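This report describes selected features of one protein model. Please consult the sequence and the structure shown here while reading.

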Amino acid sequence: MKERCIVIPAVKKNAVIPDQLVKKLAGVTLMERAIHTARAVAPGEDIVALTDSQEISLICERAGVGFHWNKDLRFTSLDIVAEMRDLLGELARRYEHCVILRASCPLLTWVDVEDAWKKYLEAGADSLVTVKSVRQRIWNVRGDSLESLLDSAGGTDGGEEQFLVESRALIILRLALLRESADATPAPVLSAGHPPVRHPGKVIPYFLNERSIEIQSYQDWWICERLLLRRHVVFVVAGYPAIGMGHVFRALMLAHEITSHKITFVCTRESELAVESIARKEYRIVRQGDEDLADTVLALRPDLVVNDFLNTGTAYMERLRAGGARCVNFEDEGPGAELAQLVVNALYESGQSTERLRCGPDYFCLRDEFVGAARNPLRPETRTVLITFGGTDQRDCSRRVLDIIEPICRAYGIAIRLVAGPGYAHKDAMEAHLRALENPLVSFTWATNVMSRMMEGADLAVCSAGRTVYELAHMRVPGMVLAHHEREARHTFARPRNGFAFMGLMDRVDDVKIRNVFLAMLKQTRRARFWERQNRLDFTANKARVVGLMLGLLDKDGA
């Protein structure tokens, strides 16, 4: 006797949509999809469809699976085991167990079937039923009104109850139950014409919450089609004090725009700070372990990989390409960039844009919070100065700049907004320093989620040369720019033509120069000239352009 068989009920008369079982959903009919799922876990000789349709019978024949055809077949109850008793009784003579696979639940995968089978065997169960967990408030209907809540007295959840609802995707049954029932004393025949089936002694649930949708309407059909067409987009990011959090912030911003596909973040092994930041947004996160980064990524079976972690290597990119993943790389000047289908280097203006390489400010993506922010008018004098050096500011440039300009601002009555990111390790020391200064015009904000609010009302800024300069330009805030390192110094957008006085590397600029340039920037003529140059810039359409280029790769047939 064989261990198991698979039965696919396929009765067209019971379909809720005309020709539902032979109508293509995401390019494949429901019947073919069910057969493919079954064939992934069992040979064709152990699969049988029960149908009233010659068309479905032909599909089964061509797919190499068995079928039982009865043109008068119709199910009249929800008890699928009772409805198929004759066929199951016949199978019980040859198989120990039966897996009933419903074609109307197209999100079920062969992985679910095998996992359910494993749990069924481990539990020593008589039957397994797929279920979904729901929390609902249950009302009692009396006449034409809702009179009272059922089972809600004293509840802490406002009358909400948790229920397990059967998902008619999968049933696993020990067929010996049918043999035992047949050997028992005959029971009265039910009104539907079927003798009762003895209930299994041990029934276990298999939770199928995300993939439990059963097609019972055109709306269900539409939802399932959208879900089946989803692809897997994996963002690979790095974020730690030495390199800052710019990669993470950009990746999160782009991920928020992708709602039609599955999103996973992979963080490099040293990126604990990135993990903490992304976890707050509740995306799925995988952190690289001892294995190569390519192994971590490919284990997720991505369709599109978005690399945002400085320069990529050739070996890494070759692995991704060989694994069938399309790749988009951001700010990548490494040797692996040549193997990416799309490279977006918005912060580097030296290259010439091509179909594959997109360079310059036309590809800088502005966060949504800035689109709705109030851009600054040109005010007659400087009243507020913003100091910000990115998400980590490892060398505490903020403290140095503050000490240089604070006496000037105190003398002129200028307010200072000091803003540090979540990776700023000097928070406690800065707070103590500000208490010692006793300057009520200085405010300190740490790990804000609304940077645009910090820029609203600012007349001048002192910052690093990352993406902040683009956001300042959008908000019409002229600034002084000090680069953290050589790579950042090559971000040539931060120049006078765009409203910024670029001063070079922080380590190579002395305090006297910072003070003198700051005093020069306070002059209305220079600030007005810089403001006018920023007023000509517009980044608002860039994000949609970049996301369109990224997702466009999923529609291309070739790599």
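Which residues of helix α9 (residues 272–279) are buried? They are Leu-273, Ala-274, Ser-277 and Ile-278, where buried means under 20% relative accessible area, exposed over 50% and partly exposed in between, with a 1.4 Å probe and protein chains only. Because these residues cover an arc of only 125° around the axis, they lie on the same side of α9; the arc is that of the directions from the helix axis to the C-beta atoms. The cover over the buried residues of α9 includes β12 (232–237), α8 (246–257), β13 (262–267) and β14 (284–287), with contact meaning heavy atoms within 4.5 Å.

The model is predicted, so that local features need pLDDT of at least 70 and side-chain atom pairs count only at pLDDT 80 or more, while totals for chains, interfaces and linings use all residues. Residues are numbered from 1 along each chain as its sequence is written, and side-chain values use heavy atoms, with hydrogens and water left out. Helices (H or I, at least four residues) and strands (E, at least two) are DSSP runs, numbered from the N terminus.

**Nonpolar cores**

A nonpolar core is a set of buried Ala, Val, Leu, Ile, Met, Phe, Trp, Tyr and Cys residues joined through side-chain atoms within 4.5 Å. The largest one has 61 residues, of which Phe-235, Phe-265, Leu-386 and Met-550 touch the most other members. Helix α8 gives the most to this core, with six residues. Leaving aside neighbours within four places in sequence, the contacts of Phe-265 include Phe-235, Val-237, Ala-251, Leu-252 and Ala-255. Ile-278, Tyr-283, Arg-284, Ile-285 and Val-286 are also among the contacts of Phe-265. A second, separate core has 41 residues, including Ala-42, Ile-59, Cys-105 and Ala-125.

Five of the six residues of strand β24 (residues 500–505) are buried, so the strand is mostly covered. Strand β23 (residues 479–483) runs parallel to β24 and is joined to it by four bridges; two strands pair if DSSP finds at least two bridges between them. Within this pairing, Ala-483 has Leu-505 of β24 as its bridge partner.

The whole structure contains 11 aromatic pairs. Rings of Phe, Tyr and Trp (its six-membered ring) pair if their centres lie within 6.5 Å; planes under 30 degrees apart count as stacked, over 60 as edge-to-face and the rest as tilted. Two of these pairs share Phe-493 and are set out below.

| Pair | Geometry | Centre to centre | Between planes |
|---|---|---|---|
| Tyr-470 and Phe-493 | stacked | 4.2 Å | 15° |
| Phe-493 and Phe-539 | edge-to-face | 6.0 Å | 65° |

Phe-539 lies in the loop between α19 (524–534) and α20 (542–552), so its pair with Phe-493 ties together parts that are 46 residues apart in sequence. At 3% relative accessibility, Phe-539 is buried. One aromatic cluster is formed by Phe-364, Tyr-470, Phe-493, Phe-500 and Phe-539.

A charge sits over a ring if NZ of Lys or CZ of Arg is within 6 Å of the ring centre and within 35 degrees of the ring normal. Arg-495 lies over the face of Phe-502, 3.8 Å from the ring centre. The charged end of Arg-4 sits over the ring of Trp-117, at 4.8 Å from its centre.

**Backbone and partly exposed residues**

Most residues other than glycine have a negative phi. Leu-310 has a positive phi, near 70°, and is placed in the loop between β15 (304–308) and α11 (314–322). Its relative accessible area of 24% makes Leu-310 partly exposed. Ala-447 also has a positive phi, near 55°, in the loop between β21 (442–446) and α15 (451–455). With a relative accessible area of 26%, Ala-447 is partly exposed.

Leu-228, in helix α7 (residues 218–228), is partly exposed with a relative accessible area of 26%. Not counting residues up to four places away in sequence, Leu-228 touches Leu-25, Ala-26, Arg-33, Pro-106 and Leu-107.
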